[in-house]
Amino acid sequence: MALGITALVSTGARDGRAAIFTMDETTIAAFGTVNQNNVPPGNGALSCVPTATMNSFTFLQNAYPTVYGLDGGGAPVLQGGQGSWQAAAALLAGPLYMATSATTGTTEGNWVNGKVNYLTTYAPGTTTFAGMDSDATVNRPVWDQNANPTVNFLLQQLQTGEDVELGIDPTGNGIGHVMTLTGLTWNDADNSGTFNAGDTLTLNTIDPANPGVNTPLTLSPGNAMSITGANYNTYLLTGALAESPVPEPTTVSLALLGGAAIAFFRNRPTKV
C-alpha cells in the first residue's frame, strides 16, 4: 500500500497568505472497530480505555506489519494470544494491565502504564512512546510530559507516523473521553507558528463509542485548548499519547499510517 500520510503547507508571510498545515493519516479502515459496549467489565460503559487502545493496536499491526505482524501461531501479535481483537481488549482491561473497574473505569496511571506493559509483554523492544498529559498520573513515565498538548506536538506526532490518542475532559469534574487522532488541518492566519486567536483548526478523530466513522472536532486556542463538535462542546484537550515502532517511522518501511482511539471515565483520577 502507498503511504497514507500527506503534508500540505501553503506559502507563508512572504506573499501575505496564511500558512495551512494539513496532516492526514490513513482511512478509518486502518484502525480497529471494537465497540466499547462489547468489552467487559460490566456492560462496557466504562471500558473505553482498553477498547480504544486495542483499536489503536490494530492500527500498529496494519501500519507496521514487519514489526507487529503475526506470531508463531499465525495470529496477530498484539491480540495477546486471544482469538479476536474484542477478546484482546478484555484482556487489556483485566487486572494484569489496565485494571478497569465496572464502577470507576480506568485510572490515568493504568491507562498510560497498562498499554506500555501490554506492548512490552507481547511485542518487547519494539515501541517508542511520546506524550503530553496534564492530568495527575501515578508512576508517570519520563516520556509523558506533565502539560496540556500543543498543536505543534500533535503535528510532530502525525508527521513521524505515530498513532495518537487524545484525552479530553469536560470543564470541571465529570465524564471524559479519549479519541483517535487521524488528521489535522490548521490555518495559521498570521504565519506565527503559534495557534492563537484568528486561526482555525480541525481534528479528524475516531470515537470508540462510535467506531468506523469520522468525528470532526474544532479546537480553539488556550491552555488547555477547548473543543467543539459532536457531543463534546464543553470539553478541553488535556492529553495526547502516541506510540510507534523503534526506530522512528521515518526509518521504518511503512505500509500505511493511522491512529488510535480510546475513551475514559474522568473523575480526575479515573477514566473509562
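## Strand pairing and helix packing: worked exercises

Strands β9 (residues 215-220) and β10 pair antiparallel over 3 bridges, where pairing takes at least two DSSP bridges between two strands. This is a predicted model, so local features need pLDDT of at least 70, side-chain atom pairs count only at pLDDT 80 or more, and totals for chains, interfaces and linings use all residues. Residues are numbered from 1 along each chain as its sequence is written, and side-chain values use heavy atoms, with hydrogens and water left out.

**Exercise 1.** Work out which side chains of β10 (residues 225-228) are buried.

*Solution.* 
- Start with the rule: in a regular strand, side chains alternate between the two faces of the sheet.
- Here M225 and I227 share one face and are buried (under 20% relative accessible area, 1.4 Å probe, protein chains only).

**Exercise 2.** Describe how helix α1 (residues 48-63) packs on helix α3 (residues 108-122).

*Solution.* 
- Grab the axes (lines fitted to C-alpha atoms over the stretch in contact, with angles from 0 to 180 degrees between N-to-C directions): they come within 11 Å and cross at roughly 40 degrees.
- That makes α1 oblique to α3, because oblique covers whatever is left after under 35 (roughly parallel), over 145 (roughly antiparallel) and 65 to 115 degrees (roughly perpendicular).
- Next, list the contact (heavy atoms within 4.5 Å): α1 brings V49, T53, M54, F57 and L60, and α3 brings W111, K115, Y118 and L119.

Note on methods:
Helix = DSSP H or I, 4+ residues; strand = E, 2+ residues; numbered from the N terminus. Buried < 20%, exposed > 50% of the residue type's maximum accessible area, 1.4 Å probe, protein only.
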